[in-house]
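Thanks, everyone, for making the time this morning. Please have a look at the sequence and the structure on the screen before I start.

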Amino acid sequence: MKILTRQSILPHRLTLISSISFGVLRKLGPRRWFSAHSEEPELKELMEYMDSLKNYEKVGVPKGAGTDSDDGFDLGRMRRLMERLGNPQSQFKAVHIAGTKGKGSTAAFLSNILRAEGYSVGCYSSPHIQTIRERISLGRFGEPVSAKTLNCLFLQIKKILDQAIEHENGRISHFEIFTAMAFTLFARENVDIAVIEAGLGGARDATNIISSSGLAASVITTIGEEHLAALGGSLESIAMAKSGIIKHGCPLVLGGPFLPHIECILRDKALSMSSPVVSASDAGNQSTIKGISRINGRPYQSCDLVMQIQRDFKLFLELLDVKLCMLGSHQLQNAATATCAALCLRNLGWRISDGSIRAGLERTFLLGRSQILTSKETEALGLHGTTVLLDGAHTKESANALVKTIKMTFGEAPLALVVAMASDKDHVGFAREFLSGGELEVVLLTEADIAGGKSRTTSASLLRDCWIQASKELGIDIVHDDTTKSREVFNNLVVCSASKLENGTILATESSLMASLKATNQILRERTGNQSGIIVVTGSLHIVSMVLAALSG
């Protein structure tokens, strides 16, 4: 097998298996899907109601839907719905967070900082992993809203929702209804402050009904090339869409780092709105990871955060040896962004101590973000002796961040991937980041329902083609099932074990998640002589959800 090399590319080889059918994998047993975690019986009526609505997470977002244009979502429809409910969004202060990546983690960090200070916090985020209740948390402890509370609210306002849907000719979406329910709960529970994660873009997002009088601060974490068609087709149009959450006179917190001309777009919008700007990426801010340690078998990264902001606001904070359970330099940046937001709130008169900032950062943990399963959990999956990491990375930027996190946490340990992705993602770019990032023993390409449906599911075979394309772009020679040479190899593989394969990455497809996990583990162990390896499940939060559902089932 010829190996093509480039100076910047690792010269490893990629062996493609068209499907898992050879000897080492024949004893896997029956294949079956694990569906997404079932909702509680108490929520049956609500979930049936929600399932009857248009769900763009399931079917995909129309072109231009997130832009502030004639093609954009009708924010007037959301305002009319909220008027019917008494405009609950006007009854609490809010921090509004938008961004391509990092907004969910930043929302979690900031919410926990505020809770550590003793505030009653409402947090709204999406998507969820196991239950829709995760999207709404209430109070001082950050627990998901209870099924009872959510169901009671639904029954109380159902007639209003029915009237609104009829008045709008059925156009009100799943996300709009649930956003309205979240804001209504925050008002009824009299939260001190709400942390609101935008769904798509910013300007035309259903969450963007918060007025300047109700907004404590807006936050924009990052700008990247996700949802390009829905947000106008360019980084510049994406930046404009997300800048729509900036309100007159309200501070803007920037995460970043951004490309210079993208940051100019955001700052120019803030200037036009007379909004002071605080940036987590300013030169005076120094955030560093000092090392990885473990508590009770779980890793954490020890970090120093030094924030020294001179522009618009003068803010200072020094926190040393902060123990972050959220791993990776990207999570440190999210923590820094949340810290800047907390300092901004403190400058506006909110009581937030340095100790609360530390406590909030250290207690933050989210499912599916560099989540390492316990040994008991891996054994329950039948993956004895293997470390399993779950991460919902699904863009080339998040793939790059994940590659760096894996290297930092596990060094040169043998690595395998199990990947499933939605259809509207950059599959080739995602594959390229992993293939150029280091040696991979196995890549298993599988399938996952997206938001409970198959309309956005990418077939394992299509993913395979994308990984082949990425490897060709990187100059890595591939044996695949479209050539005579590859067919000879595949015939030989039927009677051989994975340990006898040539060195290089094994690329295979398998539609069953559990079969993929077991196959990956078996190949990994055979190829490494039972050396302890790492299996990373990634490509979508929906495949993460399926793994966690398997553990709960």
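Predicted model: local features only at pLDDT ≥ 70, side-chain atom pairs only at ≥ 80, totals over all residues.

Let me begin with the largest nonpolar core, which has 45 residues, and in which L81, I136, L150, I177, M181 and F186 touch the most other members. The elements that contribute two or more residues to this core are α1, α3, α5, α6 and β5, and the largest share, 10 residues, is supplied by α6. If we set aside its neighbours within four places in sequence, F186 is in contact with a list of residues that includes F92, Y124, I136, L138, V191 and I196. Apart from this core lies another, of 44 residues, with L114, V195, A216 and W350 among them.

Turning to the strand, β17 covers residues 505-509, and because 5 of its 5 residues are buried, it is largely enclosed by the rest of the structure. In a regular strand, side chains alternate between the two faces of the sheet. Here, T505, L507 and T509 point one way, while I506 and A508 point the other way. β17 pairs with β15, residues 442-445, in the parallel sense over 4 bridges, and A508 is the bridge partner of L444.

Finally, where does T395 sit? T395 is in the loop between β13 and α12, and it counts as buried because its relative accessibility is 6%, under the 20% cut-off. Its side chain makes a polar contact of 2.9 Å with that of S398, and, leaving aside neighbours within four places in sequence, T395 is in contact with K101, E226 and F430.

Note on methods:
Residues numbered from 1 in each chain as written. Heavy atoms only, no water. Buried < 20%, exposed > 50% of the residue type's maximum accessible area, 1.4 Å probe, protein only. Polar contact = N/O pair within 3.5 Å; in protein donor to acceptor, adjacent residues only side chain to side chain. Contact = heavy atoms within 4.5 Å. Pairing = 2+ DSSP bridges. Core = buried A, V, L, I, M, F, W, Y, C linked by side-chain atoms within 4.5 Å.
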